Each structure stands twice: as structure tokens, then as C-alpha cells.
Amino acid sequence: MGFRVGYRPDFPFPGVWLYQSSDESDYGIVHIIGTAPSGSKGLEHYLGDRSSQGSNGTGAFDHIAFSATNWREMRARLLELKLDFHERTVPSLGLHQVFLQDPAGVTIELNYPADDEA
């Protein structure tokens, strides 16, 4: 998706902050933290009374959507990486949707202008 890993404070648990540009003053556009089935004492301490046991994070959600451009470039990247995806167009919205899954099984929805797909 063109994000790059950038500055992240030295928290006592694994993770990355993703940025869309070289400007790191906005605290990143996506924050990802690592949890493990064996737990993470650093994360548990940071979160307070919530347990970090298991891999459910803060709760279940189905998917996250991003507005995107240049579907042809992303399609080539997905094919090169051999990542499964499916797509559909919503004519009434002029929207072309692309769906793929991250390693944890969360669906990523990329929304392109339908004329980007043509």
C-alpha cells in the first residue's frame, strides 16, 4: 500500500508505526502491535488492567478500509507477491473494491475510483 515503517517510541512490546510520507510529525497513519499466545508482560503493563493473553487484541473487527489510487500498480504488486485478493465494482458509487487478508486474518479493503479499474 506504499506505507513505510517509521519512528515508533520504545514501548515495552513489539510493534511498528506506518507512515505514508517522510513526514513523521503526524504519529503514523497505522499502528500495529504484536501479541503472542504466550502473552506479553510489557503490553499487559502498558494497557493496565486488560490482559494481553491470546491474540484477540482489543476486540474483534471484520475489516479496515482505505481510499486508494493506482489500482493497476497495486494489482501488479499483489500478483508479484502472490497474494490472494478478490474485487468487485459498485457501479452506483463509482467504486472499485479490492479485498485481501492480513496475516492475522483481518480483511483489508482498498477502495479505488471505478475508472481507475478500467
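Q: Does Trp17 count as buried or exposed, and at what relative accessibility?

A: Before any value is read, note that this is a predicted model, in which local features need pLDDT of at least 70 and side-chain atom pairs count only at pLDDT 80 or more, while totals for chains, interfaces and linings use all residues. Residues are numbered from 1 along each chain as its sequence is written, and side-chain values use heavy atoms, with hydrogens and water left out. Buried means under 20% relative accessible area, exposed means over 50%, and partly exposed lies in between, with a 1.4 Å probe and protein chains only. Trp17 has a relative accessibility of 11% and therefore counts as buried, whereas Phe11, with a relative accessible area of 22%, is partly exposed.

Q: How many aromatic pairs does the structure hold, and what is the geometry of the pair that Phe11 and Trp17 form?

A: Rings of Phe, Tyr and Trp (its six-membered ring) pair if their centres lie within 6.5 Å, and planes under 30 degrees apart count as stacked, over 60 as edge-to-face and the rest as tilted. The structure holds 5 aromatic pairs; among them, Phe11 and Trp17 form a tilted pair, at 6.3 Å centre to centre with 50° between the planes. Phe11 and Trp17 also belong, with Phe13, to one aromatic cluster.

Q: Why is the pair of Trp71 and Phe85 edge-to-face?

A: The planes of the two rings, Trp71 and Phe85, stand at 80°, with the centres 5.7 Å apart, so the pair is edge-to-face. This pair links distant parts of the chain, 14 residues apart, since Trp71 lies in helix 2 (residues 71-80) and Phe85 in the loop between helix 2 and strand 5 (86-90). Trp71 counts as buried, at 3% relative accessibility.

Q: What is the order of the strands in the open sheet of 3 strands?

A: Strands of a sheet pair through backbone hydrogen bonds, either parallel or antiparallel. Helices (H or I, at least four residues) and strands (E, at least two) are DSSP runs, numbered from the N terminus, and two strands pair if DSSP finds at least two bridges between them. Here the order is 1-2-3, with antiparallel pairing, and the edge strands, which each pair on one side only, are strand 1 (4-6) and strand 3 (30-33).

Q: Which residue in strand 2 is the bridge partner of Arg4?

A: The partner is Tyr19, and strand 1 is joined to strand 2 (residues 15-19) by 3 bridges. Strand 2 pairs with strand 3 over 4 bridges, where Gly15 has Ile33 as its bridge partner in strand 3.
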